[in-house]
Amino acid sequence: MDKKYKKLVEILNENNLTRVSFEDKGKKYEVERAITCASPTSILSSHTKPTNSVVSDTQNGTEVKSPILGIFYEAPTPGKKPFVKKGDKVKKGQTLFIIEAMKVLNEVFAPTNGVIKEIKFKDGELVQFDDTVIIIG
């Protein structure tokens, strides 16, 4: 392999790029890496990111709000048991749901002990930043 291509591959890998090119003496060198996207279920176990939820205490209880815009998932994978259901007792730090944003799965945890009073979204629905997702009483 040409030394210039080897150097391009090094630059590509070291900088986590998908494409790099340059021209030298009228000859163009280009290296491109194919990107494949994994489904949320295949990356959940190894690529979840803990996320601080936005919390608001009201007369109805503690509102757990979405910390980001994304897709609401009630379970770790499709067909699996949801993290929580209405009426479940939860402990502070327990996983309540996942929000997927830009192929990153963000776990949202219970900010307090209590009972799930309401879940305002269905699995797979889009949530906006600061939407109330769950109410804990």
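Modeller: Begin with the surface. This is a predicted model, and the accessible surface of its chain comes to about 8900 Å². Carbon and sulfur atoms account for 50% of that surface.

Biologist: What share of the 137 residues in the chain is buried?

Modeller: Buried residues make up 31%, where buried means under 20% relative accessible area.

Biologist: In what order do the elements of the chain run?

Modeller: From the N terminus on, the order is α-β-β-α-β-β-β-β-β-β-β-β-β-β. That gives two helices and 12 strands.

Biologist: Why is strand β12 described as largely enclosed by the rest of the structure?

Modeller: Look at burial along the strand. Five of the five residues of β12, residues 132-136, are buried, so the strand is largely enclosed.

Biologist: Which strands do bridges join to β12?

Modeller: Strand β5, residues 61-65, is joined to β12 by four bridges and runs antiparallel to it. Strand β10, residues 114-119, is joined to β12 by three bridges, also antiparallel. Ile135 of β12 is the bridge partner of Glu63 and of Glu118.

Biologist: And how do side chains lie along a strand?

Modeller: In a regular strand they alternate between the two faces of the sheet.

Biologist: Which residues touch the most other members of the largest nonpolar core?

Modeller: Of its 15 residues, these are Leu96, Phe97, Ile134 and Ile136. The elements giving two or more residues to this core are β8 (95-101) and β12. Leaving out residues up to four places away in sequence, Leu96 touches several residues, including Val64, Phe83, Ile116, Ile134 and Ile136.

Key. Residues are numbered from 1 along each chain as its sequence is written. This is a predicted model: local features need pLDDT of at least 70, side-chain atom pairs count only at pLDDT 80 or more; totals for chains, interfaces and linings use all residues. Side-chain values use heavy atoms; hydrogens and water are left out. Buried means under 20% relative accessible area, exposed over 50%, partly exposed in between (1.4 Å probe, protein chains only). Two strands pair if DSSP finds at least two bridges between them. A nonpolar core is a set of buried Ala, Val, Leu, Ile, Met, Phe, Trp, Tyr and Cys residues joined through side-chain atoms within 4.5 Å. Contact means heavy atoms within 4.5 Å. Accessible areas come from the Shrake-Rupley method with a 1.4 Å probe; for residues, only the protein chains shown count as cover.
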